[in-house]
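Hi,

Here is the structure I promised to pass on. Have a look at it first, then read on for what turned up.

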Amino acid sequence: MSSKEEKPTLAGVQVKTRKRNIVVPSDPGSFSDAVVQIIQDAGENKGSEADLEAGAKALDAAELEYARYGDTLFEVFFTGGGPGQSGP
């Protein structure tokens, strides 16, 4: 009983490997630009209080990765610009 039978194979078929650990590079600059653009577009031709409400609704509706870019989001709101931007 030492003879082993060969397992059947499919000729010409390649086995696809799973895509694991797909890493998306971090791009906080484009995230901050998108946040600023969304707020500017939402608040055009309105009062300052209406600008805030419209901007909040637009950001809530936008499909951005807030969990990934939380630090960048706070930089945009508290400093008024993107990361690494300086000036008045």
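Start with Leu 73: setting aside neighbours within four places in sequence, Leu 73 touches Phe 31, Val 35 and Tyr 66. Bear in mind that this is a predicted model.

As background, nonpolar side chains in soluble globular proteins tend to be buried together.

Now for H2, which covers residues 48-61. Its buried residues are Ala 54, Gly 55 and Leu 59. Looking down the axis of H2, the buried residues sit within an arc of 135°, so they line one face of the helix. They pack against H1 and H3. On the face turned away from that buried side you'll find Glu 49, Lys 57, Asp 60 and Ala 61, which are exposed.

How many aromatic pairs are there? The count is three. One of them joins Phe 31 and Tyr 66 edge-to-face, with 6.2 Å centre to centre and 80° between the planes. Phe 31 is in helix H1 and Tyr 66 is in the loop between H2 and H3, so this pair ties together parts 35 residues apart in sequence. Phe 31 is buried at 4% relative accessibility, while Tyr 66 is partly exposed at 27%. Ring pairs also link Phe 31, Tyr 66 and Tyr 69 into a cluster.

Cheers

Methods. Residues are numbered from 1 along each chain as its sequence is written. This is a predicted model: local features need pLDDT of at least 70, side-chain atom pairs count only at pLDDT 80 or more; totals for chains, interfaces and linings use all residues. Side-chain values use heavy atoms; hydrogens and water are left out. Contact means heavy atoms within 4.5 Å. Helices (H or I, at least four residues) and strands (E, at least two) are DSSP runs, numbered from the N terminus. The expected span of a helix is 1.5 Å times one less than its number of residues. Buried means under 20% relative accessible area, exposed over 50%, partly exposed in between (1.4 Å probe, protein chains only). The arc is that of the directions from the helix axis to the C-beta atoms. Rings of Phe, Tyr and Trp (its six-membered ring) pair if their centres lie within 6.5 Å; planes under 30 degrees apart count as stacked, over 60 as edge-to-face and the rest as tilted.
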